[in-house]
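Subject: Structure for you to look at

Hello,

Here is the structure I said I would pass on. Please open it beside this message; my notes follow below it.

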Protein chains: 2
Amino acid sequence: MDNLHTLTISDALEAIRTKKISVRDLVEACSGQIERLNSKLNAFITMIPSDDAIKAQSPESNASSSKTLHGIPLAIKDLFDMAGLRTTIGSKFFADHIAKDDAFVVEKLKQAGAILMGKTNTHEIALGITGNNPHYGTARNPWDTTRIPGGSSSGSAIAVATGMALGALGSDTGGSIRIPASLCGVVGFKPTFGRVSLRGVFPLSWNLDHVGPFAKTVRDIALMLQVIAVHDPLDPASVKMLTGDYLLHLKDDVRARKIALGVGDFIETSDAEVLEAVREAANVFQSLGCKVEEVDVSWLQEAALANKIMTQSDGAAVHRDRLKEHPEMFGDDIRRRLDDGANTPLTDYILARRTQAEVRKRLEGFFETYDFLILPTTPIPAPTIEGHDAVEQAGRLTRFTAPFNLSGLPALSLPCGFTREGLPIGLQIVSRAWGESKALNLGHAFEQATEWYKHLPVL
Amino acid sequence: MDNLHTLTISDALEAIRTKKISVRDLVEACSGQIERLNSKLNAFITMIPSDDAIKAQSPESNASSSKTLHGIPLAIKDLFDMAGLRTTIGSKFFADHIAKDDAFVVEKLKQAGAILMGKTNTHEIALGITGNNPHYGTARNPWDTTRIPGGSSSGSAIAVATGMALGALGSDTGGSIRIPASLCGVVGFKPTFGRVSLRGVFPLSWNLDHVGPFAKTVRDIALMLQVIAVHDPLDPASVKMLTGDYLLHLKDDVRARKIALGVGDFIETSDAEVLEAVREAANVFQSLGCKVEEVDVSWLQEAALANKIMTQSDGAAVHRDRLKEHPEMFGDDIRRRLDDGANTPLTDYILARRTQAEVRKRLEGFFETYDFLILPTTPIPAPTIEGHDAVEQAGRLTRFTAPFNLSGLPALSLPCGFTREGLPIGLQIVSRAWGESKALNLGHAFEQATEWYKHLPVL
């Protein structure tokens, strides 16, 4: 077999199981991509050599090729602790910070037999969406290296798009998984708040942070989620819920599902090609037997604003000592946003919290009428690295994703087309709380019908 | 029958059903108590004459004596809207504020056939526990009128203790139902956050406010809760949960239940007589077949502090325009606390919110080991009205109750004895989230075994 790095996780597992390929072949294929492309794309902050990565595979899982992710090369955002490696969180402050323990989800991936290839680049302290990191290099979009890959989980999206890993973990406080997934043409998923443990993941906001997977297909997302969606009694955010069988539900019938297509002023400021692709996706769902109805969701704008206020303020609380003592060690955009956060009037924060409760309730009612909301992941395709202000970009690109951090609802981004210039467009599928299975089911049906996932960047 | 105002709700319902008494006799008995005692105790801010109260009984329920609360005189804290009456919230600002609609729970009580006797006195804006209201009169403890009745739901507790009503509604942000219940020798219950709608109840904190009932017995609490614990799709805080049959579960077997008796420095600063009464209650539970274990719960102290920070700040957000424009219209203690709240550094608030998440998780684990936590409701019996600072009193008396506002857990206060001076002592029973049935079940078993509820103040 050639081009092992282009395999999906599912196909790679099957190929390993049937001994068509070895774990080492697969790891070296991904490793080769890292060697070939990382200096150009800046996907990784810390790389683990193939031999070490294979050796580090959990001994108990090593023996057994029946493990869920046996031999699968994955990449981990450099916000997650991996014992013995540094966790930089993309910040100068943490350049030499060595983690003692694995993050809860990293431990779960290791136990499942995954091979961890390294720690991926992130927008500094995860507070931004360009991936233009002044300390660890500018992450670049593999479809056009003059453009941003999106962020903050920039490196994880790039790694998956280019086969440096077959899957990756990211974190998402306002869209930090879904935005780079959308701009890099891969699948990214933010589960329900509380579904996946945050322990060992450096916080930006204790109230809005979510951990989730990246992969090339929705099926691969389901595979990874199955491994990481485990209750963690030691994480204050983790909620004790039964985990569904995400793979099993991929096969559910989607006919007669009620889909709200987000419209209204808020949505329609988007790029025309993005809107066209999302409308086309709505047609695909109709052809699959779903009922699609246009619904004005302009009221989500308030949720995006509240999410921004809360993120900046929570971030300023987390980083307060560093901001006070060494503000110069932060990048300009980060310092501006943390200053904004620190200077937020308490009342604005409390009102944002009230908005959070109201939006949750309103969406609860919304999802009694509809099974899904579909809308663009980002209003525009990847903008150029040059010529834009990072803070303004964050406001612009998170507007459709941030409402689902505030509300904590599961939201999937998956490729739904390309612009004439050849840039990926992302479709966002949102479902009710704890409705991960349903969202993945619908995404999988779309993927089977359209096969956009087969398009990979050529570098 | 004599002294109808001393009847429990259950006994009154039975007497009405069997025509031993008329609704009018019962209402007039309560009304007589109001006329006789209100000028001394200041329980009511607005009284409804008997005739009007009876006429206002919901026409549909009027016809049917099978309604859950048919003909039962109840009192409503003057924080709850009743259409056509003023809702003062104990504040000068709202002296002439007439409500358009009934609060959701008021509507439910009316539909259940209850007779509403009026609006009860409250610590100003519900931010305090003395009931010493500078605008609507000093509420007084019916066991000793030189002492505070507790608050903020002062009038509701007094009304129930003296038979001005057979039950009442209050609100509880840091202990405002349980504290006056404890100091006045009646039963008060704060359900799980989200169990009872807050719509139409003037907010103090959107995150910590709870609505709940007062009555003379746990059985009566169960009856009232059954009526008000209904999901409200229009209240952001209301959670859609199945409501149990609270009366049915009163009969559950309590043997082998695991009870943690709160001990440690935090608890043991309490008055010796209070500690003795709570230890005696623990012995009663043991004699009922429960397993009682001493557990150090000093870590709850941090939760009480976080609750205070959040309450004052949330209150300052709610009242910000009034505080800015007419600070002189607030009582001294309120102005001091709102100023404190307004000047709270944002970071302290955000850290309090983090504490909230941590305490919730810790208590979740706690209630996997134990079925109940028992501890005093207040560390001291009712202090005198004179000679104490209201703000300091609030800090002192809410320390055992506030942690369960922060965590949102159901907490019941019921009488468990008297001091040598003849002041009531309250026992607090806390159970896991949505464990209302269990808490009421245990409280009922205690009540049956001890009959403290039969002691009423003589005035």
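The largest cavity is lined by residues of chain B: B:Leu79, B:Ala126, B:Ser171, B:Thr173, B:Leu198, B:Val201, B:Phe202, B:Pro203, B:Leu204, B:Asp209, B:His210 and B:Val211. Please keep in mind that this is a predicted model. By class, that lining comes to 8 nonpolar residues, 3 polar and 1 charged. The space inside is about 60 Å³. Over the whole structure, the search turned up 7 cavities of 30 Å³ or more.

Next, the two domains of chain A. Domain 1 covers 9-228, and domain 2 covers 258-437. Their C-alpha centres are 22 Å apart. How many residues are in contact between them? On the domain 1 side there are 55, and on the domain 2 side 56. Together the two domains of chain A bury about 4,400 Å², with carbon and sulfur atoms giving 67% of that area. Within domain 1 of chain A, the residues that lose the most area to domain 2 are A:Phe93, A:Leu127 and A:Arg147, and these three together account for 16% of what that side buries.

Polar links also cross this domain interface. The rule finds 28 residue pairs in polar contact there, counting pairs with both residues at pLDDT 80 or more. It also finds 2 salt bridges between domain 1 and domain 2 of chain A. A:Arg195 and A:Glu436 form a salt bridge, in which the closest N and O atoms are 3.0 Å apart.

Last, the interface of chain A and chain B. Here 30 residues of chain A are in contact with 30 residues of chain B. The buried area is about 2,600 Å², and carbon and sulfur atoms supply 59% of it. Which side chains meet in a salt bridge, with 2.9 Å from N to O? They are those of A:Glu368 and B:Lys240. For the interface of chain A and chain B the rule gives 2 salt bridges, along with 12 residue pairs in polar contact, both residues again at pLDDT 80 or more.

Regards

Terms used
Residues numbered from 1 in each chain as written. Chains lettered and ligands numbered in written order. Predicted model: local features only at pLDDT ≥ 70, side-chain atom pairs only at ≥ 80, totals over all residues. Heavy atoms only, no water. 1 Å grid on protein atoms, 1.4 Å probe; cavity = no way out; pocket = protein on both sides within 12 Å on 5 of 7 lines; lining within 4 Å. Points joined across faces, edges and corners; volume = space filled by probe spheres on them. Nonpolar A, V, L, I, M, F, W, Y, C, P; charged D, E, K, R; others polar. Domains from an automatic or database assignment. Contact = heavy atoms within 4.5 Å. Buried area = accessible area lost by both parts, 1.4 Å probe. Salt bridge = Lys/Arg side-chain N within 4 Å of Asp/Glu carboxyl O. Polar contact = N/O pair within 3.5 Å; in protein donor to acceptor, adjacent residues only side chain to side chain.
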